[in-house]
Amino acid sequence: MKFNTKKLLKRFLCCAVILSSLLLCVSCAKTEDYKAYGSDMKTKVFYGVDNDAKLVDGTVMTPGMFSFFLSEQKKTFLMTLMYNDNTISGDSEEIWQRTAPDGKTYEEKFFGEVVKSAKELVAANTLLYMMPSAESPDKTYTLPSDYVEYVKSLVLQNAAEKYGSVMDFEVYLANFSATIEDYTALYLMTANIDLLKDAIFSSAGDSFFTEAELKDYYANNYYCANHIYVNTAANTKIDGTLAPLSPDETEKRENLAKEIELFIKMGGTVKEAKEIYTEEYVQVYEAVAEMDINNTTANAPELGETLKKLTVGETASAKSAYGVHIIKRVQTVPENFSKNERTLSAIKSALTNTTYMKLLEEQTARVVADEKLLSSFSIKAAIIA
């Protein structure tokens with residue numbers, strides 16, 4: 001799907017003005033501008049820039065912040081490796097030197113993913129802080145000072161509860177060459193992701209995407225089908241438990257499913273099938289089923305895989321854990337995009353994610369990295385947070 005970047009940013013900035021007022025403190029008192037940590041520091045692993053390539057306050061990831069971020073990510077990666085490989089029981093340099101399926105070492109693979117994630121975090125904050133302020137469209141957005149103070153108090157409270165005291169927490173952070181300021185700044189940057197998404201989309205509500213965009217997505221991504229289901233797996237008893245079918249009963253039902261499939265292929269309609277096949281284990285769905293071809297059917301993935309292979313007018317059967325599904329693909333009618341509220345909501349969600357990722361991808365490409373500083377870090381040397 002193609003996006004007009006200038007159009008997106010223009011709409012993005014207009015929506016931001018609306019929601020920025022909601023992000024400020026509830027009281028009417030004027031909040032002080034907040035200059036995020038790191039903007040005056042000389043040492044920056046990553047930082048975001050505006051359209052004039054100038055550093056944007058609140059987007060700096062210092063060595064201490066990246067060190068802690070790397071360590072947290074390493075813990076997740078190691079848990080995944082241990083889950084998938086029972087020969088791995090803990091952290092060691094040897095593990096990170098192993099070769100991943102893509103041919104890279106685990107060090108190269110996972111470090112690259114951490115760098116990508118860090119850049120995306122910086123990019124998301126850059127987008128947020130480039131938004132116009134609710135108080136003055138000529139100024140850029142800043143976090144309200146009372147919110148910042150609240151986050152700081154949460155960090156201190158957590159330090160006291162989890163580590164015994166703030167001093168003990170600072171000693172813990174020193175293991176990562178991080179300070180409590182680094183930790184707080186990273187906490188804020190991570191929390192800001194939700195603020196950004198709300199600022200872009202929530203304030204505009206249903207008006208963010210035009211009817212034409214919604215209809216276009218439906219036309220290009222949704223497959224529609226007639227669906228008839230034959231239960232060949234089990235019967236439901238009175239108490240709600242399942243009773244497996246006998247081999248003879250299963251065979252009988254599977255043969256009926258073949259008969260129904262042939263009936264549809266020979267030109268029979270869903271309405272006619274419902275009148276002819278009245279067995280209690282046959283479910284004929286008169287309503288047209290809709291599926292976003294980019295998604296999967298969670299309960300019976302075989303349905304989606306079969307539907308993807310069909311052209312309009314073709315019929316096929318798919319066998320799942322529940323039984324046999326006869327599926328006939330029918331023409332997708334663009335005008336029907338809004339007839340099903342669940343479908344409409346799914347379309348908006350898909351467009352929201354795609355639009356957000358497009359904006360994030362473009363800004364991520366502009367994030368500046370200090371390659372010399374970056375080269376001093378590694379997965380294998382990182383302490384697990």
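Predicted model: local features only at pLDDT ≥ 70, side-chain atom pairs only at ≥ 80, totals over all residues.
**View 1. Phe337 sits in a loop between a strand and a helix.**
Is Phe337 buried or exposed? Phe337 has a relative accessible area of 6%, so it counts as buried, the cut-off being under 20%. Which residues does Phe337 touch, leaving aside its neighbours within four places in sequence? Its contacts are Glu211, Leu214, Lys215, Tyr218, Thr343, Leu344 and Ile347. Now look at Tyr217. In sequence, Phe337 and Tyr217 are 120 residues apart. In space, their C-alpha atoms are 8.7 Å apart.

**View 2. Strands β6 and β7 form a hairpin.**
Three residues lie between the two strands. Strand β6 covers residues 315–319. β6 and β7 run antiparallel, and five bridges join them. Which residue of β7 stands opposite Thr315? Find Lys328: Thr315 faces it across the pair.

**View 3. Thr126 is a buried residue of helix α4.**
Helix α4 spans residues 106–129. The relative accessible area of Thr126 is 0%. That value is under 20%, so Thr126 is classed as buried. Where does the side chain of Thr126 reach? It reaches the backbone oxygen of Val122, at 2.8 Å. Thr126 also has contacts beyond its neighbours within four places in sequence. These are Gly48, Val49, Val56, Thr59 and Gln363.

How values were computed. Residues numbered from 1 in each chain as written. Heavy atoms only, no water. Helix = DSSP H or I, 4+ residues; strand = E, 2+ residues; numbered from the N terminus. Buried < 20%, exposed > 50% of the residue type's maximum accessible area, 1.4 Å probe, protein only. Contact = heavy atoms within 4.5 Å. Pairing = 2+ DSSP bridges. Polar contact = N/O pair within 3.5 Å; in protein donor to acceptor, adjacent residues only side chain to side chain.
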